[in-house]
Amino acid sequence: QVQLVESGGGLVQAGGSLRLSCAASGTISFDTMGWYQQAPGKQRELVASISSGGSTNYADSVKGRFTISRDNAKNTMFLQMSSLKPEDTAVYYCNARNFIGPYTGAYWGQGTQVTVSS
């Protein structure tokens, strides 16, 4: 069974930084991994994604402020968040997807809260 465990959330002042981590259990290699955010009363939205080859994609709202990366050897993904704004406040979820093979599907972590105070 695939498990994704996020860590690194917390409370930070506007302009500050946080680094989120997502550790995947086992040795499964995922085609793509990503971070999503869900603010109260809003839908879950993609923040950033990264392919197994390292290609990245960012939401316009975080470009230039957030950096996604992954360590394939350790099956871990990171989100470095800088210049944080109050509107970045949300629960951040780790997502991992495979498109072929025995682990085809989408997997989610339990979420980690990020709160940015003004």
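Strand E1 shows a covered face, made by Leu4 and Glu6, and an uncovered one, made by Val5 and Ser7. Strands here are DSSP runs of E with at least two residues, numbered from the N terminus. Please note that this is a predicted model, in which local features need pLDDT of at least 70 and side-chain atom pairs count only at pLDDT 80 or more, while totals for chains, interfaces and linings use all residues. Residues are numbered from 1 along each chain as its sequence is written, and side-chain values use heavy atoms, with hydrogens and water left out.

Where does E1 belong? E1 is part of an open, antiparallel sheet of four strands, ordered E1-E3-E8-E7. Strands E1 (4-7) and E7 (66-71) stand at the edges with a single partner strand each, so one side of each has no neighbour in the sheet. Two strands pair if DSSP finds at least two bridges between them. Here are two of the pairings:

| Strands | Bridges | Sense | Opposite residues |
|---|---|---|---|
| E1 and E3 | four bridges | antiparallel | Leu4 and Ala24 |
| E7 and E8 (76-81) | six bridges | antiparallel | Ser69 and Phe78 |

Now to the loop between strand E2 (10-13) and strand E3 (18-24), where Gly16 lies. Is Gly16 buried or exposed? Gly16 counts as buried because its relative accessibility is 17%; buried means under 20% relative accessible area, with a 1.4 Å probe and protein chains only. Leaving out residues up to four places away in sequence, Gly16 touches Met81, Ser82, Ser83 and Leu84, where contact means heavy atoms within 4.5 Å. Gly16 and Asp71 are 55 residues apart in sequence, and their C-alpha atoms are 24 Å apart in space.

Definitions and conventions. Buried means under 20% relative accessible area, exposed over 50%, partly exposed in between (1.4 Å probe, protein chains only).
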